[in-house]
Amino acid sequence: MSNLDLRSILKCVRCGTCRSVCPIFEQTGWESASSRGRMLVAHGIYHGLEADQDVLNSLNTCTTCGLCEQMCPSGASPTQIVQNARHHLVLKGKMTDSQAALRDEATSKGNPLGETRYRHAWLKNASDIKEHAPYVFFVGCLGSYRYPELTRRTFDLLKKFDVTLIPEEVCCGSPLLRTGSDPDFLISKNLEQIKKIGAHTIITGCAGCYTTLRNDYPDGLKVLHVSEFLAERLSEMNLKRLDIKVTYHDPCHLGRCNGVFDAPRKIITSICELKEMKTHHQQSRCCGAGGGVLKGYPDLSLALSKKRLEEIPEGVDYLVTSCPLCRTNLQRGGPKVEVIDILDLLEMAMK
Amino acid sequence: MLNVDLIEKMRKIVGKENLSISSCELYCYSSDASQIRGVPEVVIKPLSTAQVSEIIKIAYAHNISVTARGAGTGLSGGCVPLEGGIVLDMSAMNRIVEMDFDNLQVVVEPGIVQEKLNKALEPYGFFFPPDPGSSAMCTLGGLIANNGSGMRSVKYGTTRSYVLGLEVVMADGEIVRTGSKTMKSVAGYSLTDLMVGSEGTLGIITQAIIKVRAIPKDRSVIFASFDNPELAGKAVVKVLASGIVPSACEILDSNIIRAINTYDPKIGLPLAGAILLFEVDGSEAEVKEGVNLIVKTCEGLASGIRTASDKKERDEIWAARRLAGAAISRLDPMRTRVYVGEDVGVPIKEIPKMLRKVDEISKEFNLPIMTYGHIGDGNLHTGMCIDMLSDEDWMKLNAAADRIHRTAIAMGGTTTAEHGVGSARSEYMRLELGNALDIMIAIKKALDPKGILNPGKMGV
């Protein structure tokens, strides 16, 4: 029971505020799919509630978006408790097929996508990987395998600022942490290499990697999102103003969970006009992909994506985001405008 | 008794996706925000009055208890199925059936959430005034069944004042309509009034005709600080006697002030012994006059007084105030707010005395009691936080709550001004109601002879 702390569970007074914000509950309407329900389920597990498929579904349909936590009057931490409860059950061998698949792929192949290709295959020039550098670009699994073009262009930009890569980068561990598995071996492998490089700062373009590197890796490393790193260097980039309007999706694990709101907006507004989505900053709706939900519950995840896309304001040319997982899921939802990464926008202004 | 065949029959009525017997789901429906527990045998989410009626007919024929539930935000165990049986989760019946603004009314299903109703009314310039702290999630059905109210009740009254008529499924499955679309009617006993506040013990509400009000043009919030809650209580009595009817009149004691400041630091309330929040609404002239009168009346009692600078500050303070009850838990990581003995009401004149008594009880039991609430109608919420893992704390909590309840009754007050009796307060009904409880029991027997509707609640 060590990782299921009863006192933290009991912090929930069951007032039901989370019912008004949980996007998964909004979709299903069943108590077990609200944060309050999940807190009760965690409490139940503590007292011996059998962890059947319904219990697993209750716990694993949380995207860990953290909106309930943001709004929780009593100061409970449902996202942490959901993750702890998942971990508690995984240790007992109880998990969904999708949790097991994520864990097995990440363990055997170093990425949850099951890719066996060379991770930095996108890199044109192997000599761009320097032995020592003050900055490391942590690419992430989606960047490496799903968005190689974007990654190449991002790195082309970053390398001018003394940034290198981790030669044998593996998954940051986020998918395992969120779904209750142990990521220590992945973390160690990345950390050892970062130490060798001697970098003081890690830069990443993925919200999931960002929150993991910042909160789950040992202290002492500075972590920056690409947008934070570049927002401070805009004057060196010769940007031209674009006559377009865009809107911006705050990735939960970048914005609400870590407070990175300003840097992406600074980049956007220095290039073009920004029109906010219906909910933004701390109140932003989740894209529906996080916490293992895209993999485990693709239909539910798609429904959330469609809801988020309904919040795109009228008259914008692009939906900009700063996380490849959000981008992937928002794209799945059939957006009325193209979904692009903030780097794509930056490049448009550099041409 | 429930059996597989009956479950199958009911599954056919509502569809398989609207019925659950999963142990996980049943566990999640075993409580509300009170300490009352009871696990249902099946949870059903009906989508229409006809489905409710069909389900109740089966329950009636087979003596199965039925407990209606809205959002499960109650604080008295009202929606907790003490004898198992069926929980009817009404939250999927959430449509606005008709908007009839020429008649100043709307027809709604019980599952609609208070805030969603008000968002739908706003563009037309109307609102539904009762606004409990849970308005972002609680349903109209729950508000009607508990006759809920909230911060505006001092001026606008309770939910009862807004229910013109109801559609109710009775214990045998018969569908009955009470009241009418008229603003006045004296035809027969007021069955609408009987159903409002009956907590699901007499019938299941499936539709309601709700009176709405025009949104006032202007409003203003006044913060008045006092050295102690008793002085604040005196100021309330004086203000209400002065002829002004504030649209809200809330008290916050020093602990609640800290809790609100912790929840939302930008609010930055002054650290006084107590704060009164007054709101005045109406035309610009009415608001100006009301503000002046309140400020003048509080002079001599208040240590400081000011008005909110703008709409933003007003909205922020009310948003924080709504969540104050649960926010008390933030003051100490070891403690959690427990809703017990939290809803007494006393005659207005007795407010200062009740505040003093609560302070004495707090000292006697060595248990911090935080007081806030709708002091303008004598409704005090006494918030207690305990270490949930300490048996001693639980004993102190229950003993202090019992004393608070008995103190209120002795002053001619009530154990519950707006949260409901449920099973949390049913033991006090005889003491509070005397032989009137026998009339309630007789009504219950007449309308629900088999006792299948929400058994074990309200002392009936």
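## Val246(A) and the build of chain B

Val246(A) is buried, with a relative accessible area of 0% (buried means under 20%, exposed over 50%, partly exposed in between, with a 1.4 Å probe and protein chains only). This is a predicted model: local features need pLDDT of at least 70, side-chain atom pairs count only at pLDDT 80 or more, and totals for chains, interfaces and linings use all residues. Residues are numbered from 1 along each chain as its sequence is written, and side-chain values use heavy atoms, without hydrogens and water.

Val246(A) sits in strand β5 of chain A, residues 245-249. Strands are DSSP runs of E with at least two residues, and helices are runs of H or I with at least four, numbered from the N terminus. Beyond neighbours within four places in sequence, Val246(A) contacts several residues, including Ile268(A), Leu274(A), Tyr318(A) and Leu345(A). Contact means heavy atoms within 4.5 Å. Cys12(A) is 234 residues from Val246(A) along the chain, and their C-alpha atoms are separated by 39 Å.

Now chain B. Its secondary structure comes to 16 helices and 19 strands.

| Chain B item | Value |
|---|---|
| C-alpha box along the principal axes | roughly 70 × 55 × 45 Å |
| Buried share of the 460 residues | 60% |
| Share of contacts with a separation of 6 or more that join residues 24 or more positions apart | 71% |

Note on methods. Chains are lettered from A and ligands numbered from 1 in the order in which they are written.
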